[in-house]
Amino acid sequence: MRFKFLCLGFTGLAGMAMAQAPTTSDLHLRGDRFKPLAYEQMTPEQKTLTDHVLAGDRGSMNGPYNVLLRSPEMGDLAQNYGAYMRFHSSVPRKLNEFAILMTARFWNSQYEWSAHRKYALEAGLSAEVIEGVATGKRPTSMQADEEAVYNFCNELLNTRQVSDATFAAARATLGERGVVDLIGVMGYYHLVSMLLNVDRYPLPDGAKNELKPLN
């Protein structure tokens, strides 16, 4: 019996060793004005935020999370909000990514654009539509659901209002919940864009800025 307990003890220790906290290299944190933090340096609240992000849908600390660690309680609320808006929204993924790209273009947010351009292509948004947004021109080859989302986002971003006709088209396409979720994803990525731009968050090694300033 004693031998059995000893074996269980060694097994438990081995399991603990395999479940060690992530290291700095595991996190791959980047930053400019906000220097990358090491897991071992973090406060309990910062470790909680990190653990929640790594255990969630993203599984990565890329993007604004090195900045959000400076206010970890707010950051944990933000990452929960963002996880819903990106992965569980009622807005179809293609249209959700379309709204994210339009928000990134509005802020000239290079990292956000680079990351989500790939996701948008994977979700079925055409390269021609994406190129139109990148150059600040109205895409000419949009499908009906894409056009409804483009008009809604474009008006809201540039006029701070939405016309009755544009609202009605978005509601017919997405439903009332979808309209609210569309506003929600734009709001979240406004926050992300501001965090990344203030930090001057670097692109991955070898990547170049894809967005040019619009006149």
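Is W107 buried, partly exposed or exposed? W107 is partly exposed, with a relative accessible area of 29%. That value, like the others in this report, comes from a predicted model.

**Overall make-up**

The protein chain has 215 residues, and buried residues make up 40% of them. Its secondary structure consists of 10 helices and zero strands. Among the contacts in the protein chain with a separation of 6 or more, 66% are between residues 24 or more positions apart.

**The nonpolar core**

The largest nonpolar core holds 51 residues. Within this core, F98, W113, L182 and V185 touch the most other members. The elements that supply two or more residues to the core are α3 (44–55), α4 (65–68), α5 (72–88), α6, α7, α8 (127–134), α9 and α10. Of these, α10 gives the most, with 11 residues.

Leaving aside residues up to four places away in sequence, F98 touches L125, V129, V133, M142, E146, V149 and Y150. After α8 comes G136, which has a positive phi near 75°.

| Pocket | Volume | Lining residues | Lining by class |
|---|---|---|---|
| Largest pocket | about 480 Å³ | 24 residues | 12 nonpolar, six polar, six charged |
| Second largest pocket | about 230 Å³ | 13 residues | seven nonpolar, four polar, two charged |

In the largest pocket, the lining residues nearest the centre are N62, R86, Y111, A115 and Y119. The elements that give two or more residues to this lining are α5, α7 and α10. The helix α7 gives the most to the lining of the largest pocket, with seven residues.

In the second largest pocket, M102, R105, F106, N158 and L214 lie nearest the centre. Two or more residues of this lining come from each of α6, α8 and α9. Here α9 gives the most, with four residues.

**Aromatic pairs**

How many aromatic pairs does the count come to? The count comes to five aromatic pairs. One of them joins F106 and W107, with 6.0 Å centre to centre and 80° between the planes. The pair of F106 and W107 is classed as edge-to-face because its planes are over 60 degrees apart. F106 is partly exposed, with a relative accessible area of 35%, and W107 is partly exposed as well, at 29%. F106 also belongs to the lining of the second largest pocket, where F106 is one of the residues nearest the centre.

Another pair is made by Y188 and Y189. This pair is also edge-to-face, at 4.9 Å centre to centre and 85° between the planes. Y188 and Y189 are both buried. Together with Y81, these residues form one aromatic cluster.

Most residues other than glycine have a negative phi. Which residues other than glycine have a positive phi here? N108 and R160 are two such residues.

N108 has a phi near 50°. N108 sits in the loop between α6 (93–107) and α7 (110–123). What is the relative accessible area of N108? N108 has a relative accessible area of 29%, so N108 counts as partly exposed, the class between 20% and 50%.

R160 has a phi of about 65°. The loop that holds R160 runs between α9 (144–159) and α10 (164–199). Is R160 buried or exposed? With a relative accessible area of 55%, R160 is exposed, because the value is over 50%.

Key:
Residues are numbered from 1 along each chain as its sequence is written. This is a predicted model: local features need pLDDT of at least 70, side-chain atom pairs count only at pLDDT 80 or more; totals for chains, interfaces and linings use all residues. Side-chain values use heavy atoms; hydrogens and water are left out. Buried means under 20% relative accessible area, exposed over 50%, partly exposed in between (1.4 Å probe, protein chains only). A nonpolar core is a set of buried Ala, Val, Leu, Ile, Met, Phe, Trp, Tyr and Cys residues joined through side-chain atoms within 4.5 Å. Contact means heavy atoms within 4.5 Å. On a 1 Å grid over the protein atoms alone, a cavity is a set of points where a 1.4 Å probe fits but cannot get out, and a pocket is an open set with protein on both sides within 12 Å along at least five of seven lines; lining residues have an atom within 4 Å of a point. Grid points are joined across faces, edges and corners, and a volume is the space filled by probe spheres set on the points. Ala, Val, Leu, Ile, Met, Phe, Trp, Tyr, Cys and Pro count as nonpolar, Asp, Glu, Lys and Arg as charged, and the others, Gly among them, as polar. Rings of Phe, Tyr and Trp (its six-membered ring) pair if their centres lie within 6.5 Å; planes under 30 degrees apart count as stacked, over 60 as edge-to-face and the rest as tilted.
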